[in-house]
Amino acid sequence: LPRSGLSTRRWGAEALRLARAVALSCGVAFSLNLGVALADPGGQGNHGNHGNPHGMPATSQAGNQAPAPGNDQNTGGQNAGGQNVAGQNVADQNATLPTTATAPDQAASTGVQTSQHGNGHAYGLTKHAQDEGNGPRATSSQVAQPAATQLPDAGGTLSSSSAPGTAAPTATPIAAPSSPTPSGSKPAKAKRPTRRHARHRAPGPRVVTGSDAVRRARRAGPRAARATVTSSSRPAPGSSFRTRHAAPAPAPARLPIIVHRRPESSAPAILPTLTKIIGVVPLPIRVAMGVLVALALGLGASSRLTALRAGRLERQRRQLLEDVGLLQAALLPVVPRRLGQVATSVAYRPADGPGAGGDFYDVFALDDGRIAVILGDLSGHGRHALPHTALVRFTLRAYLESGLSPRTALQNAAAVLERQLGESSFATVIVGTYDPGSRRLVYASAGHSPPLILSPLSLNAMTVCCSPPLGLAPRTGTRQTTVALPGSAVVCFCTDGLAEARTGTGRVGMDGLERTLAELAPGAGAQDLLDAIASRSRECSDDMAACMLRIDGRPMQAVVMVEEIELHCDEAPAERARRFLDACGVPSAQIDEFLSAAAETMAGARDLVLEVTFGPDGPQPKLRRPDVPVLHPPPARGATRLEVAI
Amino acid sequence: VLVAEGELDLASAPGLKWSMLEAVRTGCQELVLDLSKVDFMDSTALGVLVAVGRGLEGHRIALVGLQPDVRRLLAITGLEDSFATFGTVDEALGR
């Protein structure tokens, strides 16, 4: 094709075909081939190198193929080790044109080339001989062998057969009997198309395109071109492919068999097309296309690497979340299903997404038969919250097991934990004990919601003068409530994740939580409550934890027996006492009388406990000294904060 | 005077903290936080208010227009006394 006569549209079409061809057959090795094609204007190097399975230096191949058609033997030899594209056709070409093969200069180049490539893998003519010895694919060597033996320069042949490797032992004895066969002298018979024979004799079709022959002939010179045109101009309807197959040496009439195929039905048809396109593309555009292909390959590799890295990161993230879950599960203890007469159940549900780690609970039996419950929520989530949740839980448990009431346990724990939690972390906690003998529940809160009590009606808790969370204020654990549970009751301690779960219209809320608890089936546990909340909520953005005590008995309403508050001299005790008494329902006249009588006592004491007992005569306030003096740890001289790296 | 809207929870607490600290950084020591359009606040946002309040020299953060849920949270956590509460912004500013 005249290069200067191609229009821009034609170039675009050719480029599209090239892109399609690259997309279909692209690989790293092929990109190397394209590089060869860019270096070799004839484009033949690309075609021949395609069968090179050993990473041969492609440039030497291209250079060798340039001088003469005899070099094409090398192409055929390589195809014997890899794909069957060009070698058979080349051999056939030699058989058709014996004069071409017997040219001394070409023979010499063949021999040199074979010695270069015959390094352990038997390229070139020797490889053909090996093929012959291995089975019916003998035609190649049968054709090639005469071409080689007719060479006047024996050195080329010797170097071919002396190629080390697997070719040498088997090739020589089997190739020898076939060498007298003058296959090259019968070109006319060799070109009789017989598809049936091709299927019958060949282990696999060896296909080459007619365009290859044209291109090769064009490059090889006028004689070769003439011969190729002659061969391809034979009556072969609809054929541009010729396949040459094996034929036993003693039967000359069956030697060369040509099979005509439709070009669309053959997969390697894309390669000649590609080669043809490359052959007519000017060098700068070829370079540009090569750069583009290299860029595309680079981008593809980069994309693949990125995908691999993303997959690895996702696996690591999943692993970390599992680790957090495992650690969280390790911090949440296994609780017995029943402690005495009380059915106990606990449940925990991590937040949707990576937010696990803030909630904690514990339920255990004390030595005196009481059941202790600890439940809390630490600010922050994830692995940073885990050490502190463990610290808070075990500190509180230690104080409870030492016999302290919930309020004093919180109070003492707050003094210790304030330094440990630091300024950026705090915890809302509720601590309770239930005494099965007296059927009394005592609980104290540090910034946490009071427990829900159904018995059978829910009991409204007083939320006045509550204690602040651990870590947010120097003093907490100042309030405590005692509830009598004479009959059956359900006591549920839960974190605020339940009430704050989002529903379709808003949030569950405390009312919705109480309703859900009341609607649970008899005998349902904490897990049922969490499931019910989760089922009616759209999103659980916070952890949910619940501890439930189910107390058997007759249906009798729970009543608050005692509310108490500890007053500190630095916290306006009179004002707090007034507010507290008012919330407890003490008449204002009685409050005034009580406070004026207690003023002297309050002024002289550092800590006092104001206790309101609810009896048949109404609320009765009383001042008393604290049962247990609050521990005041000495000021920290060094950093003793908990530093745990997970 | 800072005006908050919507819900103050785990997601919006960092923004609240940044806004308040920015106000403190520019020299404001008396902050008024209008919560009249905040119908929900969780303990995380409350922790932010306490933390910022600790950084103010001798002043308490004034909270304005507490909605029932916010008021209940302040009551349960016992932090009512940590803040000055007002009905309107004008009351908080002493007008």
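## A walk across the two chains

Start by selecting A:R502 and B:D9: their side chains meet in a salt bridge, 3.4 Å from N to O. A salt bridge here is a side-chain nitrogen of Lys or Arg within 4 Å of a carboxyl oxygen of Asp or Glu. You are looking at a predicted model, in which local features need pLDDT of at least 70 and side-chain atom pairs count only at pLDDT 80 or more, while totals for chains, interfaces and linings use all residues. Residues are numbered from 1 along each chain as its sequence is written, chains are lettered from A and ligands numbered from 1 in the order in which they are written, and side-chain values use heavy atoms, leaving out hydrogens and water.

**Stay with B:D9.** (Helices, H or I of at least four residues, and strands, E of at least two, are DSSP runs numbered from the N terminus.) B:D9 is buried, with a relative accessible area of 11%; buried means under 20%, exposed over 50% and partly exposed in between, with a 1.4 Å probe and protein chains only.

**Now show the whole interface.** Here 23 residues of chain A are in contact (heavy atoms within 4.5 Å) with 17 residues of chain B. Between chain A and chain B there are 7 salt bridges. The chain A side that touches chain B divides into 8 nonpolar, 8 polar and 7 charged residues; Ala, Val, Leu, Ile, Met, Phe, Trp, Tyr, Cys and Pro count as nonpolar, Asp, Glu, Lys and Arg as charged, and the others, Gly among them, as polar.

**Move inside chain B.** Select B:L63: leaving aside neighbours within four places in sequence, B:L63 is in contact with residues including B:L33, B:L35, B:L49 and B:F83.

**Next, strands β1 and β2 of chain B.** The side chains of B:K37 and B:E5 meet in a salt bridge, 3.9 Å from N to O. B:K37 sits in strand β2 and B:E5 in strand β1, 32 residues apart, and both are exposed.

**Finish in chain A.** Pick A:R475 and A:E571, whose side chains meet in a salt bridge at 3.5 Å, N to O. A:R475 counts as buried at 18% relative accessibility, and A:E571 as partly exposed at 28%. Both belong to a network of salt bridges whose members include A:R407, A:E564 and A:R624.
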